[in-house]
Amino acid sequence: MSDRRNIVLLSVLLLLGTVLSASAYVEELDDSFMERAEPDETWLIKFYAPWCSFCKQLDPVWHQIGSELRSHGSPVQVGKADATISTGLAKEFRVNNYPAIFILKRNVKYNYVGPRTKDGIMEFADRVGGPLVRSLSSLQLFQHAMSRYDVMLVYVGTTSQLKGNYTLAAEELIIHINFFSATRDILPKGVSLTSLPAVVVFKDGTYLAYNEEHDGDLKSWIKRERFPNFFKIDSYTLYAMGESGKLVLLALVEERYLCDKSLRYKSLVEKVATEHKETYSRDFYFGFMEGSGYINGFIMGEVMVPSFIVVNLSNDGYFLPPGPVETERHLLDFLDGVLGGSVEAQGGNGLAQRFRRLVYQTKITLMPVFIEAPVLACFLVGFPICICALFCYLCCKARPTLDEDEAAALVPPVQRHKKLSDKKSD
Ligand SMILES: *[C@@H]1O[C@H](CO)[C@@H](O)[C@H](O)[C@H]1NC(C)=O
Ligand SMILES: *[C@@H]1O[C@H](CO)[C@@H](O)[C@H](O)[C@H]1NC(C)=O
């Protein structure tokens, strides 16, 4: 009997110990934080709201991150803040969705927009928490970095104006990619550079040097080239790829077990990506995406899996192959058709599309409510519609000249905002 009591007592103590030590790694921050934080401290901060379920899911991950960063001896301290209580702090960071993740370093706020996974966030803390430009002092270090990162930027040379521009670009783009510097002699023998200083991107087992004349401004070039040529793409990454200005050819495949056809489609895209890189990599990125949920939302319909799609993230447009694609030739014809204009662009961000998106998203949001609680849903939808209808009726009676365009123009900004915040917070 007393044994059992001891065990219970011990478990309670252990549990308490775990809770206490976990909370010791993550500090709860409030509005006094900005005055309290020392300028040389680096903080990884999560803003949450009590009602946000994604935030709750992130809680255990956040504690793990806190304890791991501490045990690695990282200079990054971990905190969290309830944005509904610490409103001043949330305003300072311009938090507008939850959970919002930031690193505060030397008074600069870096927003994390990748997947909310431990690995993703740890990598971000490691990248942003360290020096803006890391020096690679030996071939071993260079090769280690190469094996670790799919894409890395290296500045080669001594101090120069280009180096200044490179560091400036790093200040903004370190949230996405690693910036290194090295001297010519530590680079592998196979790398030949026509002139120094140079900025080189290493990816896909090869490299590409920046050329100011052809490539324009350094920052835009980095934005354009910061993804691998072919890779597995998730919804966060696809959304971020909009900034590159390139089109993306995707093979859509099943989420877990790929059927033969999916495997064939995936390797077809990879083959085209590698063998026709010279021709297409200026205009296209290539990849595969598991699951069709995100693309269904994007095109507001149902895509088949497996299948091919080209998306234009600059204008939310997309292209579907006009016929079956079974061979490399078919796929190349499809790409040429997209570039040449013979394959019709669908979707886009015109007024009509935005309105359709609004309706679609409302439908998607309300559908589960209708299934779970039809009466409540009817009331929730019906009541505002009645009010709106009455309001419109009164307005029209007062001002019969409001034309269709004007009425439609009232819709998009709200919708656009909703779409963005949806994507970021899902
Ligand atoms: C650095 O950036 C400035 C301004 O964007 C540009 O005029 C200049 O040519 C750049 N220098 C080099 C060496 O890239
Ligand atoms: C993709 O969208 C951009 C921005 O609207 C547009 O300039 C470009 O022509 C589009 N590309 C294609 C192939 O339609």
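**Ground rules**

I start with a definition: buried means under 20% relative accessible area, exposed over 50%, and partly exposed in between, with a 1.4 Å probe and protein chains only. Helices (H or I, at least four residues) and strands (E, at least two) are DSSP runs, numbered from the N terminus.

I note that this is a predicted model, where local features need pLDDT of at least 70, side-chain atom pairs count only at pLDDT 80 or more, and totals for chains, interfaces and linings use all residues. Residues are numbered from 1 along each chain as its sequence is written, chains are lettered from A and ligands numbered from 1 in the order in which they are written, and side-chain values use heavy atoms, with hydrogens and water left out.

**Entry: strand β4**

I looked up β4 and its side chains. Ala100, Phe102 and Leu104 point one way, Ile101, Ile103 and Lys105 point the other way, and all are buried. In a regular strand the side chains alternate between the two faces of the sheet. Why is β4 largely enclosed by the rest of the structure? Because 6 of the 6 residues in this strand (residues 100–105) are buried.

Next I checked its partners, taking two strands as paired if DSSP finds at least two bridges between them. Strand β2 (residues 42–48) runs antiparallel to β4, joined to it by 6 bridges. Threonine 42 is the residue I found opposite lysine 105 of β4. Strand β5 (residues 108–112) is also antiparallel to β4, with 5 bridges between them. Here lysine 105 has valine 108 in β5 as its bridge partner. I also noted that β4 and β5 make a hairpin with 2 residues between them, and that arginine 106 in the turn has a positive phi of about 45°.

**Entry: aromatic rings**

My rule: rings of Phe, Tyr and Trp (its six-membered ring) pair if their centres lie within 6.5 Å; planes under 30 degrees apart count as stacked, over 60 as edge-to-face and the rest as tilted. That rule gives 18 aromatic pairs. I looked at phenylalanine 227 with phenylalanine 231, a stacked pair at 6.3 Å centre to centre with 20° between the planes. Both phenylalanine 227 and phenylalanine 231 are buried.

How do phenylalanine 227 and tyrosine 285 pair, stacked or edge-to-face? They are edge-to-face, 5.5 Å centre to centre and 80° between the planes. This pair links distant parts of the chain, 58 residues apart: phenylalanine 227 sits in the loop between α9 (218–225) and β11 (230–232), and tyrosine 285 in strand β13 (residues 284–290). Phenylalanine 227 counts as buried because its relative accessibility is 5%. Tyrosine 285 has a relative accessible area of 0%, so it is buried too.

Elsewhere, ring pairs link Phe47, Phe93 and Phe102 into a cluster.

I traced one open sheet of 5 strands, in the order β6-β8-β7-β9-β10, with mixed pairing. Its edge strands, β6 (134–135) and β10 (206–209), each pair on one side only. β6 runs parallel to strand β8 (residues 178–182), and 2 bridges join them. Serine 135 has serine 181 of β8 as its bridge partner.

Another open sheet has 6 strands in the order β11-β13-β12-β14-β15-β16, again with mixed pairing. Its edge strands are β11 and β16 (346–347), each pairing on one side only. β11 pairs with β13 in the parallel sense over 3 bridges. Phenylalanine 231, the stacked ring from my previous entry, has glycine 287 in β13 as its bridge partner.

**Entry: the ligands**

Which residues surround ligand 1? I found Gln161, Leu162, Asn165 and Glu212, using heavy atoms within 4 Å as the limit. Helix α7 (residues 161–173) gives the largest share of that shell, 3 residues.

For ligand 2 the surrounding residues are Leu247, Asn312, Ser314, Asn315 and Phe319. A polar side-chain atom of asparagine 312 is 2.4 Å from an oxygen atom of ligand 2.

Note on methods:
A polar contact is a pair of N or O atoms within 3.5 Å; within protein, one must be able to donate a hydrogen and the other to accept it, and residues adjacent in sequence count only if both atoms are side-chain atoms.
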